[in-house]
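Trainee: Please take one part of this model and go through it closely. I would like to see how a single side chain is placed, and then what lies elsewhere in the fold.

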Amino acid sequence: MNQTSSKITIEYDDRTVRQFMLASVIWGAVALLVGVVIASQLNYWQMNFDLPWLTFGRLRPLHTNAAIFAFVGNMMFAGIYYSTQRLCKVRTASDLLSSIHFWGWQLIILAAAITLPLGYSRGKEYAELIWPINIAVTLIWVVFAINFFWTLKKRNEPSLYVALWFYIATIVTVAMLYIVNHLSIPTSWTHSYPIFGGVQDALVQWWYGHNAVAFFLTTPILGIMYYFLPKAAERPVYSYRLSIIHFWSLVFIYIWAGPHHLLNTTLPHWLQMLGMLFSLMLWAPSWGGMLNGLLTLRGAWDKLRTDPVIKFFVAGVTFYGMCTFEGPLLSIRAVNALSHYSDWTIGHVHSGTLGWNGFMAAGMFYWLAPRLWGTKLHSIALANFHFWIATIGILFYVASMWVSGVMQGLMLNATTDGGTVLAYTNFIETLDAIRPMMLMRVIGGGLYLVGYLLMCYNLYRTIRSGKPVTETREVFVERAAGQDAMKWKDVFVNDPLTYVFFGMMFMFAWFFLPNYADLGALLSAALLGWMGVRKFKESGKTWAFWYDRLLENYLPFTLLTLISVAIGGMVQILPTITVNRAKNIEDKLQKIYTPLELAGRDLYVSEGCYNCHSQMIRTMVPDVLRYGDYSRLGESIYDHPFQWGSKRTGPDLARIGGKYPNLWHYNHMKDPRAVSAGSNMPNYPWLFENKTDIRELPNKIAVQRRIGVPYPAMTSHEIEQKAIEQGSVIATDLKAAGAFAYPDSQIVALIAYLQKAGQSEVPPEREKEQPWMSQPFPIKPGIPDKYRETPTSH
């Protein structure tokens, strides 16, 4: 391919890199400190301090958002801005956009740090931020994307290096995920309802939640690995061909795996199987990337003894391999039945965040700081000590969560008498059994935090010993004749894409077609694969030439990446639009919340109760014995947002409605230990003092109607009056039982919601067709209520 070359001098924008790096270091300390606090709260409820903004339910979203978007986010931007300029042999396209990106992102983080403890939350994991902040996130992400792709457009290096592939995948996929999952209709400046509800909201949330891990915490860090690890080791990447397979298989497969967070639930069975299948397939590309990283060190393993940067990178990549082995393992339905809702999942997530993200960040910081400030690292010995104390901290943390998760999962699922009676009827029994492990988690997290603070000190002394420097470099600019000039016909009409497209069609047919027809589709896919391999052997140079041309054209490459990640989302989400409708429900249909119950549900979301309680009884005998009849698809159809949860620090609440009197809930929220000895739930005294904002209910119900909840026509006065009347009934009942609460207090609204949770009815048209459906459905005939979970377990 014809090329022209010239020599130019480039001054890189390292100021932006320094800013993002320092922001990451600072916010990382905040995220880790909050993490240690909330881990302590699980053992010592007194550490909630009876203050609303310091409860576990409100601080846990602050911890996760700070770790993901503040710590890893800023670290990711620092790595991308540094490496992209060097890989493209050009300064970042716009200093102004870089500055807007940096300060805009910090203001977003600051807004999250203020609003989340105040209880302003959307109630969806990793997506709690209120709608004005979400709009700001979208706008700043667009600024970042424009700056990045503009830089690619101006690049002086014809071909896109592998790290840039992962950056491209990150930018387009995170934009798609974030926008779709955060589609909401506001009711006020601080509150909104997502347009999705019930099972569809659950699927969209974990399509986003799982792939936020994939494309915010994994793909950009893999790009950083592909750039900084070879730099630190002074060795080229082990296998370029393996990196191609790693990238395309990862970005295509990862997007399908979200449903494995919803196994054994009311999610349609085919989606559960699809999520499990693609999760198992992730083993191959993930380990391919890990091996490509580790084998890059061939001939340089001696540096592992002396260079802390190499130590952190090697350990980080190893943790990546461990997590990507454990993730598919946990997606197997039988294993998931044990691990889900338990601490095992918590251990899995933290081994990735602390081991993979944290160690890659530390290695990058130690490598960058001397170069960005023109000096030497203050103390190699201190960096080595940081490595070992952090490693010990992670091992303490992860091992304790493995033991805790397996122990609690086994206890909650244990039965006797041939599987008809729970072995441990009281949830608190399982909580007491794992308390030592929860304390061990605090110790492990504390050790990791100590190591991190040592890094902060080491970097501070390094920075103080030098001064900011901006790299200036003379480079030979190569401009290929076909750079950014590839025709769209050449992009899509070629053998590689043809074989891939029809191969995918046959695989889809194999999964969805009935018996025998699916076997034919599978055989066709195998035959097509054999033909593709044969064609590649015959004309491999042609395929390689096409891919080399593709790498010289960033827009076609970006479009193919977007198509690869969008396919999975469309196949999974679009069918649930028809499933999640009241007219399609054949069993139980959720009763609509009254105005006061809706206000109480919003309080439940605001307090972050979903962080400790699920509202999903799985299709498993122990779940049914403990909590009641398994949950149906129609029982959460009007829940915006869904509240199925992902962790049970307390019991499931799907059928809590009507189980206990109002006074029980009153006392439980005032002092949980008064009705459930040994509970680690915080007190909620402010609920008895604060008033429910009844004036907002007309706006909320209007939005509920817009998103499909069939509320009858009511005036604002009627809505407020209904809320006051129901509150008065509950307040009167409490007074008769010897307790006092104002009818418009938040505790009354919350009680109203809890008493409605799990209440359903048979769809009228189905009852006419099959009158027997209106009769009570026995959970397990012959099982007396005394064998179910006891009241003290709550």
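Mentor: In this predicted model, a polar atom of the glutamine 643 side chain lies 3.1 Å from the backbone oxygen of glycine 123. Glutamine 643 itself sits in a loop, the one between α23 (621-627) and α24 (662-670). Its relative accessibility is 2%, and because buried means under 20%, glutamine 643 counts as buried. Leaving aside neighbours within four places in sequence, glutamine 643 is in contact with Gly123, Arg601, Tyr604, Val605, Tyr610, Ser614 and Gln615.

Helix α26 covers residues 697-706, and its buried residues are Leu697, Pro698, Lys700, Ile701, Val703 and Gln704. After α26 comes glycine 708, with a positive phi near 110°.

Now the largest pocket. It holds about 1,900 Å³ of space. Its lining has 41 residues, and Trp248, Pro496, Tyr499, Val500 and Trp543 are the closest to the centre. Helix α20 (517-551) is among the five that each supply at least two lining residues, the others being α8 (240-254), α9 (269-281), α19 (495-512) and α21 (554-579). The largest share, 13 residues, comes from α20. By class, the lining of this pocket has 33 nonpolar residues, six polar and two charged.

Technical notes. Residues are numbered from 1 along each chain as its sequence is written. This is a predicted model: local features need pLDDT of at least 70, side-chain atom pairs count only at pLDDT 80 or more; totals for chains, interfaces and linings use all residues. Side-chain values use heavy atoms; hydrogens and water are left out. Buried means under 20% relative accessible area, exposed over 50%, partly exposed in between (1.4 Å probe, protein chains only). Helices (H or I, at least four residues) and strands (E, at least two) are DSSP runs, numbered from the N terminus. A polar contact is a pair of N or O atoms within 3.5 Å; within protein, one must be able to donate a hydrogen and the other to accept it, and residues adjacent in sequence count only if both atoms are side-chain atoms. Contact means heavy atoms within 4.5 Å. On a 1 Å grid over the protein atoms alone, a cavity is a set of points where a 1.4 Å probe fits but cannot get out, and a pocket is an open set with protein on both sides within 12 Å along at least five of seven lines; lining residues have an atom within 4 Å of a point. Grid points are joined across faces, edges and corners, and a volume is the space filled by probe spheres set on the points. Ala, Val, Leu, Ile, Met, Phe, Trp, Tyr, Cys and Pro count as nonpolar, Asp, Glu, Lys and Arg as charged, and the others, Gly among them, as polar.
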